[in-house]
Structure formats: structure tokens, C-alpha cells
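This report describes one protein chain, beginning with a single residue and then widening to the whole. Please keep the sequence and the structure in view while reading.

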Amino acid sequence: MDLFRMRCFVSVAENKSLSKAAREMFISQPAMTAQMNALEKELGAQLLVRGHSTAITPTGELVLTSFRSMLSEYDDLLRGVHESEAAIHGRIRLGFHGPVGWGNVGASISEFKVSHPGVEVSLVIDTWTNLLAMLREGTLDLAFMEVSEVEGVHDIAMHPLFEEPICTVLPVGHKLAGRESVSVADVRDDVLLLPDPSIAPHFFKRLHASFERAGVRVEHAGAGNHYEATVVLVAAGEGISCMPGTYFAGLDSVVAVPFSDLGMGMRYAIAWNRASSSAVASEFVEFADAREWR
């Protein structure tokens, strides 16, 4: 019997619904049904009564009580192991997404180590989708995330840090390049280039909706697989893009002009797995909260 199947059963019992539990555990309803069938077969007992809503049998109540206790003990053990490892080795595995210089992460690590000289920091740069997976797997301790990507994820906690406005990214010779701000309507006739939306699916869903409400076509065919690749295409005159200013700060091949009416920004938070937070990671969260990020 594996921990995931135990957690699935607890979720079904608490939600009284296979479909709601499937959404909570990020699997399909058929997969959740298969998990419950396999559990009943493994235990040799009926645990659930399926119908308009899902109820648990008296035997299921006994199993639910035991599973809750076992999972709580396991989570406590895992938390203790991670805290012990952090105390012994003083290690933080930190992830972020964006250009190398985003948020002056290097400077923030240096500042943190002034007061925590015994802490070793390893760094991963990846997509927000992959960073979330690594947090959930326990291969990362902390990650700087866009809030949209972790909202509603039950096993991930986060602490908001700051919000950054979205700018339009234009070729140097673009007719709007000298403006102090632009409206969404101003760029309606331009080809809009965006990075692969799988980098941050929830954020890009919000962004696409904001543009499409204003009648701006979102062009995927010419998009780069990352922000830097998209900026190269903009500089080459293939279209325009939009992203926060920190993603292309210092580049002279493109021009940034803030939107006056896009109605959304990029919201950053530091996130961690609720079941595996260490004392050293908590120290870094407190440091990040007190730091000026913009």
C-alpha cells in the first residue's frame, strides 16, 4: 500500500466525491476510481458506497481513522528528517524562473549567507511548471513562483513578495517605442509573440484572456521557447511581446513601454512544500519577506 493511495482515500472520504477528490489530488476521475478499487481489493473489504455522492462504510471509517493517523505520523517523521538534515548540513535547494539576473537572486543569496555562513545554497533555473513539480517531489526546498501557478495547490504553501507590471516589448524602431505608456488597443494590429505557455500555464491563461478581451490576437507560431528567445524574435522585427521589465532589463535591442490598461501584473511569491519545510528554509522565507525585491 502506498502513501498516495492512502491520501486519495482520505480525500474521497473528506470530499464525499470521487470527482472532487480527483481534482484535489491532480489526477483524473477514472484514475481515482482505479485507486479506490485497488485499495478495496488490497484490503479485501468494501470501503465506499458509490452513488450520487460517495459515502464510506463502517469499515471505511476504521480505515480512514487509521490512515489519518499513519499519514500524520509519516508527515511528522518526514518533517523531522528534513529539519535534522538542514541542521546538520545547512542546505537550501532554491529554484527560480527567468533570466539569470532576475530579482538579483545572486545578491540575495550573498546577503543571506552573511548572516547564515554555514548554509549551502544550490540553485535551479527552470520553468514554473517544473519548479512546482520539484517542490511537490521534495527535490527543491523553496522556489520563487508566479502566484497563479501555486494558488489552490493544497500541499504547497507560499508567501507573497511583490507584484510587477507587464510591459509591451517592442523593436527599437517601432512606432510606439517612444511612448511613456500604451493601451492594449494600441497594439491590436501587431503580431503578439509569447513564450511557450507550458512554462507557466495558469499565468498565461490569465494573460491570454486579458488580451483576447481587448481583441488582440495571440500568435503562437513564432513564439520562442523561453523569454530570451522571444526577445530575440522581437528584436528581429517578427512581432512584439509583453513581460515584466526585470525579464529584459539592460538589453538595448528592445524597448519596454508599460501598459496603461492591461489590468494585471506578474505576482511573485516564495513557495515550499507544506510537508517538508526545514528550519533553514523557514529562515530564508523570513529573509525574503524582509528584503526589498524591486
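Valine 285 lies in helix α9, which covers residues 279-290; helices (H or I, at least four residues) and strands (E, at least two) are DSSP runs, numbered from the N terminus. The model is a predicted one, in which local features need pLDDT of at least 70 and side-chain atom pairs count only at pLDDT 80 or more, while totals for chains, interfaces and linings use all residues. Residues are numbered from 1 along each chain as its sequence is written, and side-chain values use heavy atoms, with hydrogens and water left out.

Is valine 285 buried or exposed? Valine 285 counts as buried, because its relative accessibility is 12%. Here buried means under 20% relative accessible area, exposed means over 50%, and partly exposed is in between (1.4 Å probe, protein chains only). Once neighbours within four places in sequence are set aside, valine 285 is in contact with Leu142, His159, Ile270 and Trp272; a contact means heavy atoms within 4.5 Å. Aspartate 141 is 144 residues from valine 285 along the chain, and the C-alpha atoms of these two residues are separated by 11 Å.

Methionine 25 belongs to the loop between α2 and α3. Methionine 25 counts as buried because its relative accessibility is 10%. With neighbours within four places in sequence again set aside, methionine 25 is in contact with Phe4, Arg7, Cys8, Ser11, Met32 and His154. Between methionine 25 and threonine 230 there are 34 Å from C-alpha to C-alpha, and the two are 205 residues apart in sequence.

**Helix α1**

Helix α1 (residues 3-15) has 13 residues and reaches 18 Å from its first C-alpha to its last, close to the 18 Å expected at 1.5 Å a residue. The expected span is 1.5 Å times one less than the number of residues. At the start of α1, the backbone nitrogen of phenylalanine 4 has a side-chain oxygen of aspartate 2 within 3.1 Å. The buried residues of α1 are Arg5, Met6, Cys8, Phe9, Val10, Ser11, Val12 and Ala13.

Most residues other than glycine have a negative phi. Lysine 16 sits in the loop between α1 and α2 (18-24), and phenylalanine 26 in the loop between α2 and α3 (29-43). The table sets out both residues.

| Residue | Phi | Relative accessibility |
|---|---|---|
| Phenylalanine 26 | about 60 degrees | 47%, partly exposed |

**The chain as a whole**

The secondary structure of the chain comprises 9 helices and 11 strands. The C-alpha trace spans about 70 × 50 × 25 Å along its principal axes. Of the 294 residues in the chain, 47% are buried. Where contacts link residues at least 6 apart in sequence, 73% of them join residues at least 24 apart.

The accessible surface of the chain comes to about 14100 Å², and carbon and sulfur atoms account for 53% of that surface. Accessible areas come from the Shrake-Rupley method with a 1.4 Å probe, and for residues only the protein chains shown count as cover.

Technical notes. Polar contact = N/O pair within 3.5 Å; in protein donor to acceptor, adjacent residues only side chain to side chain.
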